[in-house]
Amino acid sequence: MPSTRCLPVGKRPTIAARDPRTGGAHVAVEALGWQPLGRRTPVLHDLDLTIPAGQRVLLAGPSGAGKSTLLRALAGLLLTAGHGEVAGSVRIDGHDVNRRLGGTGLLLQDPLAGVVAETVGRDVAFGLENARVPRSEIWPRVHATLSAAQFPYPATHLTRALSGGETQRLVLAGNLVLDNGLLLLDEPTSMLDAVAANAVRGAIQREVRERGCTMVAVEHHLEPWVDFADRLLVIGRHGEVLADGVPAQILAEQGDALSAQGVWLPGLPAPRPVPVDATLVAPWVDGPQRLVTATGVRVELRSSLADRAAPPTVALAGVDVELRSGQALAVTGVSGAGKSTLVSVLAGLLRPTAGSVEADPALATRRGTRPWRWRSRDLTARLAWAPQSPEHGIVTATVRDEVLASARACGRDTARAEARAVGLLEVFGLDGLATVSPYHLSGGEQRRLIVAATLAHGPYGVLLDEPTVGQDRHTWGAVIGAISAARDAGAGVAVSTHDLMAADVLADDRTELAGGRVVR
Amino acid sequence: MTVRSWQRLRAPGPLSLVAGCLVPVAGTFAIDSALEGIIGLAAQVLALGWLIRDVRGTVLRAAVGFVAAAGIAVSTWLYGGRDLGEAGMAACRILYLVLPSSMLLPLLRPSQLGDHLAQRLHLPDRGVVACVAALQALDAFAADWRTIQHARRARGLGLDGGPWHRLKGSGATAFALLVVSMRHTGAMSVAMDARGFASATDRTWAEPAPWRPADSLLLSQAVLLAALPWLLH
């Protein structure tokens, strides 16, 4: 019997406390469709799906297949997240999901999106407050959940002092404190380094096992989930079901077919980089051998706006690296090690607090050889950069303009730039989306678009922050192929990445950072 | 007095802090000589200064007020008959207005403010929660602004060139920030609704919103600071 101990009698039965022995929620999806505003084709079309209580489903598919969309539909939050047309129905334990908001745990890719409060305890308490749990019961439940989740900090710890992985574990605790019968996971580990990802996965699997809740997880890399999941559901590029069944069996019987669809499967070698024509990605004109040299670089960043008394964070301390033509450097290390900062410093975006960042004299502008002093247009012609979150990199209103923006800003020949842009969009599978707004692309598509935008105008140096996140096997091969081709054609490449496979395939040289220092 | 109760007196709640910033404003209108102003300002520092935690930050914030006051003083001196007393009075009025806020505002914590607005002033729960969550995301907002500016600079659309260029560039950055933060807010509201916020028309609060002696003390100080210039008058 589902217990209702946390609810005042007669109040909204939206968040039912769940007895672990009865297992999780039962999910029934009928003829589900979703067509967001501004896209000509639906993301989901006529989808039927039944998930028995307590089942652990692993949801896979190529980039842009509508996996995240399906999760939002299961949470009844399609219209919270965007505008568009919904068809069909989703029922959880027999209730229409749109009438029964809440009761479903949801972990998103971006850990920060899940944090609502200043302290750890208050954040976990958020759902209980919404469920009108009296104060006297809130704190015991918060403490019990935190200790059951083996959360390493007390309830008074500040949420902004948590790392990405710790934040994800906090969000998990904040969802589980509600005794949810259904837990939805939207690539919760894709922005984390291997160690943090392991810890988050471990916490999720332990809680799901103990509570017996129903789970639907979207993950690009299936390996760590295959033994844990009862069922593997693979959806294709148009939201159609490609495979559905016991994971091990599907992998044995349909492994090759799924892999050909771009799905990441355990035990397979890295995808082969797609061959890319050098004329699409080569530097516009040949450059010098040594592009940028960083010596003894130290960078301090202000840690908080709200708390000005907080001491600045030392992001880099005494780092020496060199960006060389025809070489690819992979910058690795755990989250917070300073990878993004190092790439930004090489890209001329951050002024070092101490030490020097100097470009080759052949690249000098009127403002000298220090890239952070250059005018924006001069910088673009020499060095390109893609941010870790692609949507921050969007500067125009259509996919096509986005790829051409830098070429226009630094006055490149129009015909040649357009030919390169068209070619790159084709390589990245975005040619059909040229007139769409970049904001309407999926996360993986946006990332490829921003990588294309760093290559189209042929800079000497290409600096990329996590270029492979959210890619399927095909698009991964295209991204790595394009970057390798640029390197082979003489560009200097530096990539900060958690993706060790990408580092293995791409890098001529590696720098591992820890706490802002080079450790290897 | 024990150390503990001293510490408690130094930690007033959010409503009295807001009152401490606003109520003394009423005294500003009564300042009509530089001497009155200086006495008033000294009283402000004496009354509120002991609550300051972050001295350097407070000095920086107050410096902004000093610059504004200096500007007013100079223009009053130039156009107000070159009278030093008049200029000093004008400067003191401005400082009397901003000094309490520069001392007290950093003590305000968004989550506490939310607790008190909802439970003590009975403002609508949903609005309060949304405001607290937005304040919570302020650091993320600043980081977004920096990243967007970096991206625009790297793409050749950065803020250099003449003032017109800069203005246009800032506008474009602001637009991108609006889009990004709306999407961030969208993701955040998905996460909040998944935790039952969508159907929470009234909710409980994990923390109480007590009115403590520290609050009464600060409120009475604020009233005195509002009255002082009128008494000196």
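## Overall dimensions

The radius of gyration used here is taken over C-alpha atoms, and the globule rule it is compared with is 2.2 Å times the number of residues to the power 0.38. With that in hand, let us look at this predicted model, beginning with chain B. For a compact globule of 233 residues the radius of gyration would be near 17 Å, but chain B has 22 Å. Along the principal axes, the C-alpha atoms of chain B fill a box of roughly 55 × 55 × 30 Å.

How does chain A, with 520 residues, stand against a compact globule? A compact globule with 520 residues would have a radius of gyration near 24 Å, and chain A agrees because its value is 24 Å. The box filled by the C-alpha atoms of chain A, again along the principal axes, is roughly 75 × 50 × 40 Å.

## Helices, strands and domains

Chain A has 16 helices and 19 strands. Chain B, in turn, has 11 helices and zero strands, and reading along its sequence gives the pattern α-α-α-α-α-α-α-α-α-α-α.

Chain B carries a domain assignment too: domain 1 covers 3–108 + 210–232, and domain 2 covers 121–194. Between the C-alpha centres of domain 1 of chain B and domain 2 of chain B there are 32 Å.

## The two domains of chain A

In chain A, domain 1 is made of 53–66 + 102–261, while domain 2 is made of 278–288 + 324–348 + 374–518. The C-alpha centres of domain 1 of chain A and domain 2 of chain A are 30 Å apart. Where the two meet, 15 residues of domain 1 of chain A are in contact with 14 residues of domain 2 of chain A.

On the side of domain 1 of chain A that touches domain 2 of chain A, α5 and α6 of chain A each supply at least two residues. Which helix gives the most to this side of domain 1 of chain A? It is α6(A), with three residues. By class, this side of domain 1 of chain A has six nonpolar, eight polar and one charged residues.

## Helices α5 and α6 of chain A

Two packed helices are described by the angle between their axes and the distance between the axes. In chain A, the axes of helix α5 (residues 164–176) and helix α6 (residues 194–211) come within 8 Å and cross at roughly 15°. An angle under 35 degrees counts as roughly parallel, so α5(A) is roughly parallel to α6(A). The crossing of α5(A) past α6(A) is right-handed.

From α5(A), the contact is made by A:Gly164, A:Gly165, A:Gln168, A:Arg169, A:Leu172 and A:Leu176. From α6(A) come A:Ala196, A:Ala199, A:Val200, A:Ala203, A:Ile204, A:Glu207 and A:Arg211. Sorted by class, the residues of the contact of α5(A) with α6(A) are seven nonpolar, three polar and three charged.

## Helices α14 and α15 of chain A

Another pair in chain A is helix α14 (residues 443–455) and helix α15 (residues 473–488), which pack at an angle of about 10° with their axes 11 Å apart. That angle makes α14(A) roughly parallel to α15(A). Here α14(A) passes α15(A) in a left-handed crossing.

The α14(A) part of the contact is A:Gly444, A:Arg448, A:Val451 and A:Leu455, and the α15(A) part is A:Thr475, A:Val479, A:Ala482 and A:Ala486. The contact of α14(A) with α15(A) divides into five nonpolar, two polar and one charged residues.

## Helices α7 and α8 of chain B

Turning to chain B, the axes of α7(B) and α8(B) come within 9 Å and cross at roughly 170°. Angles over 145 degrees count as roughly antiparallel, and α7(B) and α8(B) are therefore roughly antiparallel to each other.

In α7(B), B:Pro110, B:Ser111, B:Gly114, B:Leu117 and B:Ala118 meet residues of α8(B) that include B:Asp125, B:Val128, B:Cys131 and B:Leu135. By class, the contact of α7(B) with α8(B) has eight nonpolar, three polar and one charged residues.

## Where the chains meet

The contact takes 64 residues from chain A and 48 residues from chain B. On the side of chain B that touches chain A, the elements giving two or more residues are α7 (110–119), α8 (125–136), α9 (138–154) and α10 (163–194) of chain B.

Which element of chain B gives the largest share of this side? That is α10(B), with 14 residues. The side of chain B that touches chain A has 23 nonpolar, 13 polar and 12 charged residues.

Technical notes
Residues are numbered from 1 along each chain as its sequence is written. Chains are lettered from A and ligands numbered from 1 in the order in which they are written. This is a predicted model: local features need pLDDT of at least 70, side-chain atom pairs count only at pLDDT 80 or more; totals for chains, interfaces and linings use all residues. Domain bounds come from an automatic or database domain assignment. Axes are lines fitted to C-alpha atoms, for helices over the stretch in contact, and angles run from 0 to 180 degrees between N-to-C directions. Helices (H or I, at least four residues) and strands (E, at least two) are DSSP runs, numbered from the N terminus. Angles under 35 degrees count as roughly parallel, over 145 as roughly antiparallel, 65 to 115 as roughly perpendicular and the rest as oblique. A crossing is left-handed if the near helix is turned anticlockwise from the far one by less than a right angle, and right-handed if clockwise. Two residues are in contact if their C-beta atoms, placed from the backbone, lie within 7 Å. Ala, Val, Leu, Ile, Met, Phe, Trp, Tyr, Cys and Pro count as nonpolar, Asp, Glu, Lys and Arg as charged, and the others, Gly among them, as polar.
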